[in-house]
Amino acid sequence: MAVWWSPDQDELSSRNGESPFVSKEFLEDSNFQRLYQGQGKPRRIDADELAASFACAVNAFVQHYWTCRKDYEVSFDREIEGSGHAALLDMTPQWHEALVEQFGIGSEPEATIKLYTSATMVAVRRVFKTCCLEQSDGSLHPADAELPKNFQPGQSGRPMAMGPSDEAGKATDTLFRVFQCPRGIPGLDYDEFIKTDFSKWTGRKPVHFFERKPFYRALNCALSQDAPNVLKGLMSIIMDMNFFINQTQHAGGIFYSGVGIGHSSHLLAAGAKVRMPRFLSTTASLSMAKSRLTGKFGPALLVLRVPRGFWGARSIAHFSSCPEEAETIFCAYALFEVERTSDIRID
């Protein structure tokens, strides 16, 4: 499967907020819909297709915007080589077997939900905005550029000198966001770099490191940023999750979610219909939702009124790794109608 960036609309990966709202109409022109091709009838995905989807997704997280187009080919039974290969091996070397053994992929209908709510970690490549490396001697360009103390290019793990997250700290001043195309690096023509075989490239290279993220965060980041080259690898998992969520109608109730909506609050007028391009997890516990607001960009406490018999959300308390949350999860790109908004002080 060849994967590259070919968006049909403006790039969204530079926007802040882990859970930004989009307009109701956004879905129609999204890369997500182009790949998902939803027709209102969710379908179950077989085990081999799910395993292949996970393989492609994990590869895409590591390789995003890095491996040259001519070199980038991944499949269910073929590992990629080159930059990022070590990071893949560092994660879950036996993930094929683990998907079946730990989560029941292909045998249990709730398998992908269990994977989503688990502590499964993936490696994600992060690229610096401010400088690049001279291939001849490994020095920085520009010469006066600075990197975090004790940082080694290509290292595994976020530099100690940087904050633990992009939202809480100022990492986005120096780092591209997780699935943001790293154009504009001083002294590097990234479009030429990405089009050229590694063996033939003699110019400067981006500076990067690998960061571990929970699988569910990486998945939702790809959805939020509408990143097609990553979504293509994830699509079977997304479709299977939607199928499971839509198998039953919800008993109804009031649920809460503490999220960061970035700059999308302007869409939230009373009566407006909006979507959230992610799987939205909610809880029946108000205090638990409030505890999630720390460090969010554009913090918002969502109060969701779910009518009895609603189709598009499902209680997953019995499958979740945190049953005490009494969690209900909504399908990706769920449609909401805003009843009202208010400014509140969260204590």
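## A loop residue with positive phi

Asn-150 lies in the loop between S3 and H6. Helices (H or I, at least four residues) and strands (E, at least two) are DSSP runs, numbered from the N terminus. Asn-150 has a positive phi of about 65° although it is not a glycine. At 67% relative accessibility, Asn-150 counts as exposed. Buried means under 20% relative accessible area, exposed over 50%, and partly exposed in between, with a 1.4 Å probe and protein chains only.

Pro-142 is in the loop between S3 and helix H6 (190-195) as well. The peptide bond leading from His-141 to Pro-142 is cis, with omega near -5°. Most residues other than glycine have a negative phi, and most peptide bonds are trans.

## Basis of the model

This is a predicted model, in which local features need pLDDT of at least 70 and side-chain atom pairs count only at pLDDT 80 or more, while totals for chains, interfaces and linings use all residues. Residues are numbered from 1 along each chain as its sequence is written, and side-chain values use heavy atoms, with hydrogens and water left out.

## The S3-S2-S4 sheet

Three strands form an open sheet in the order S3-S2-S4, with antiparallel pairing. Strand S3 (140-141) and strand S4 (205-214) are at the edges, each with a single partner strand, so one side of each has no neighbour in the sheet. Two strands pair if DSSP finds at least two bridges between them. Strand S2 (residues 121-133) and S4 are joined by nine bridges in the antiparallel sense. Within this pairing, Val-127 stands opposite His-208 in S4.

## Helix H7

Helix H7 (residues 215-225) lies across S2 and S4, and runs at about 120° to S4. Axes are lines fitted to C-alpha atoms, for helices over the stretch in contact, and angles run from 0 to 180 degrees between N-to-C directions. H7 is mostly covered, with nine of its 11 residues buried. Among them are Phe-215, Ala-218, Leu-219 and Leu-223. Cys-221 is buried too, at a relative accessible area of 17%. Just after H7, Asp-226 takes a positive phi of about 55°.

## Nonpolar cores

The largest nonpolar core has 47 residues, of which Phe-32, Phe-61 and Phe-279 touch the most other members. Helix H1 (31-36), helix H2 (47-63), helix H4 (95-103), helix H5 (111-117), S2, H7 and helix H8 (228-245) each give two or more residues to this core. H8 provides the largest share, 10 residues. A nonpolar core is a set of buried Ala, Val, Leu, Ile, Met, Phe, Trp, Tyr and Cys residues joined through side-chain atoms within 4.5 Å.

Setting aside residues up to four places away in sequence, Phe-279 touches Tyr-116, Leu-219, Leu-223, Ile-238, Met-241 and Ile-329, among others. Contact means heavy atoms within 4.5 Å. A second, separate core of 17 residues includes Met-276, Leu-302, Leu-304 and Phe-330.

Strand S6 (residues 273-276) and S11 run antiparallel and are joined by four bridges. Met-276 has Ala-334 in S11 as its bridge partner. Strand S11 (residues 334-337) has a covered face, formed by Ala-334 and Phe-336, and an uncovered one, formed by Leu-335 and Glu-337.

Strand S10 (residues 327-330) is buried on both sides: Glu-327 and Ile-329 point one way, Thr-328 and Phe-330 the other. Strand S7 (residues 281-283) is joined to S10 by three bridges, and the two run antiparallel. Here Thr-283 stands opposite Glu-327. Strand S9 (residues 313-315) also pairs with S10 in the antiparallel sense, over three bridges. Arg-314 has Ile-329 as its bridge partner in S10.

## The S9-S10 loop

Ala-326 is found in the loop between S9 and S10. Its phi is near 50°, a positive value in a residue other than glycine. Ala-326 counts as partly exposed, at 30% relative accessibility.

Glu-324 is in the loop between S9 and S10 too. At 55% relative accessibility, Glu-324 counts as exposed.

## Cysteines

The structure holds zero disulfides. A disulfide is a pair of cysteine sulfur atoms within 2.5 Å. Cys-181 is buried, with a relative accessible area of 7%.
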